[in-house]
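Subject: Structure handover

Hi,

Here is the structure for you to look over. My notes follow below it.

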Amino acid sequence: MSFFKTFLNSPVGPKTTHFWGPVANWGFVAAAMADIEKPPEMLSGNMTGVMCVYSALCMRFAWMVQPRNYLLLVCHASNETVQLYQLSRWAGGQGYLQLKEDKTPSP
């Protein structure tokens, strides 16, 4: 019971935004995971790129804020991973990851 009471009243406990902010942000990770089954043509390259930048900035914020918000850091690291995977799927679907053939004539 002491552990629960300590967690409840801690500076990153459920009475603070340090707790509820990351909990809400797990929705981004869940949405990206749900989109894994979609074809790459259905993904938005612009939005996925924005989500990558957003998660990178939030990871830095979570590390720099005092007290450090490890829950937010893990949440955005997970989101960054999933979004980068989605971005690679989108880029592959658009043909950006294919090797280009050299069409110059041989001597």
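**Contacts and overall form**

Of the chain's contacts with a separation of 6 or more, 65% are between residues 24 or more positions apart. Please keep in mind that this is a predicted model.

The chain has 4 helices and 0 strands. Along the sequence the pattern reads α-α-α-α. The radius of gyration is 20 Å, well over the 13 Å that the globule rule gives for 107 residues, so the chain is more spread out than a compact globule. Along the principal axes, the C-alpha atoms fill a box of roughly 80 × 30 × 20 Å. Buried residues make up 27% of the 107 in the chain.

**Helices α2 and α4**

I looked at one helix pair in detail. Helix α2 covers residues 17-34, and helix α4 covers residues 70-94. They pack at an angle of about 15°, and their axes are 9 Å apart. Angles under 35 degrees count as roughly parallel, so α2 is roughly parallel to α4. Their crossing is left-handed.

Which residues of α2 meet α4? They are F19, P22, N25, W26, F28, V29, A32 and M33. On the α4 side, the partners are L71, L72, V74, C75, H76, S78, N79, V82, Q83 and Q86. Sorted by class, this contact has 12 nonpolar residues and 6 polar ones. It has no charged residues.

**Two residues to look at**

Start with H76, in helix α4. Is H76 buried or exposed? Its relative accessibility is 1%. The cut-off for buried is under 20%, so H76 counts as buried. Beyond its neighbours within four places in sequence, H76 is in contact with N25, Y54, S55, C58 and M59. Of these, N25 is in α2 and is listed among the residues that meet α4.

Then take A31, in helix α2. A31 has a relative accessible area of 41%. How far is A31 from V82 in sequence and in space? The two are 51 residues apart in sequence. From C-alpha to C-alpha, they are 9.8 Å apart in space. V82 is one of the α4 residues that meet α2.

When you open the model, go to the α2 and α4 pair, then find H76 in α4 and A31 in α2.

Best wishes

Notes. Residues numbered from 1 in each chain as written. Predicted model: local features only at pLDDT ≥ 70, side-chain atom pairs only at ≥ 80, totals over all residues. Heavy atoms only, no water. Axes fitted to C-alpha atoms, helices over the stretch in contact; angles between N-to-C directions. Helix = DSSP H or I, 4+ residues; strand = E, 2+ residues; numbered from the N terminus. Parallel < 35°, antiparallel > 145°, perpendicular 65-115°, else oblique. Left-handed = near helix turned anticlockwise from the far one by under 90°. Contact = heavy atoms within 4.5 Å. Nonpolar A, V, L, I, M, F, W, Y, C, P; charged D, E, K, R; others polar. Buried < 20%, exposed > 50% of the residue type's maximum accessible area, 1.4 Å probe, protein only. Rg over C-alpha atoms; globule rule 2.2 N^0.38 Å.
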